[in-house]
Amino acid sequence: MKPIIAVCLILTATIAHAETNCPDWLQQNMNKLHSQETLNLCALTAGKVALIVNTASDCGFAPQFKGLEALYQQYKEKGFVIIGFPSNSFHQERDDAAETAEVCYVNYGVTFPMLAASPVRGEQANPVFKYLDAELGKPKWNFNKYLIDRSGKPVRHFGSYTKPDSKKLTEAIEALL
């Protein structure tokens with residue numbers, strides 16, 4: 001078998017395996033921020049510890065993007081991912097995805113996956129946040145952080161005031177890694 005075909009078969013099997021072992025609430029294809037690209041949450045989180053964060057580019061907590069990026073860089077090689085969910089649920093997200101992308105990618109240097117804006121509270125909340133609400137509680141403001149274990153189980157909710165470099169957050173991540 002040719003090496004390229006073998007790699008393709010291995011990747012296909014890996015993705016299929018990840019999706020069959022993926023919890024229902026993560027079986028979502030969601031649009032990437034300011035892009036036509038769709039991201040599969042099962043593939044993004046398969047076998048990884050994940051931190052899901054509701055964000056808003058005009059929020060006073062927006063400087064946490066820098067700390068979140070540092071956290072991502074510190075742990076990504078150990079099987080950690082952060083997924084940002086921009087939202088205007090608290091009326092602090094820009095209407096223009098290009099402007100939101102500029103804040104995230106240019107102003108704060110974010111490289112972790114950022115999704116297109118969607119509601120994170122109430123009846124209109126996206127399916128991920130509806131599930132997180134039922135399991136750990138709804139976000140009370142922007143920059144709530146939901147820690148998910150390698151099997152896709154939500155294990156802990158951190159509020160807006162928990163900074164990305166806080167000891168309680170980093171210890172919780174390290175315990176799961």
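The structure holds 1 disulfide (a pair of cysteine sulfur atoms within 2.5 Å). This is a predicted model, in which local features need pLDDT of at least 70, side-chain atom pairs count only at pLDDT 80 or more, and totals for chains, interfaces and linings use all residues. Residues are numbered from 1 along each chain as its sequence is written, and side-chain values use heavy atoms, with hydrogens and water left out.

The disulfide joins Cys22 and Cys42, whose sulfur atoms are 2.0 Å apart. Cys22 lies in the loop between α1 (3-20) and β1 (29-31) and Cys42 in helix α2 (residues 41-45), so the pair ties together parts that are 20 residues apart in sequence. Helices (H or I, at least four residues) and strands (E, at least two) are DSSP runs, numbered from the N terminus. The torsion about the S-S bond of Cys22 and Cys42 is about -85°, so the disulfide is left-handed. Cys22 is buried at 8% relative accessibility, and Cys42 is buried at 2%; buried means under 20% relative accessible area, exposed over 50%, and partly exposed in between (1.4 Å probe, protein chains only).

Ser57 is placed in the loop between β3 (49-55) and α3 (64-75). With a relative accessible area of 8%, Ser57 is also buried. Apart from residues up to four places away in sequence, Ser57 touches Ala62, Gln92, Glu93, Arg94, Thr100 and Val103, where contact means heavy atoms within 4.5 Å.

In the protein chain, the secondary structure comes to 6 helices and 6 strands. Buried residues make up 45% of its 177 residues.
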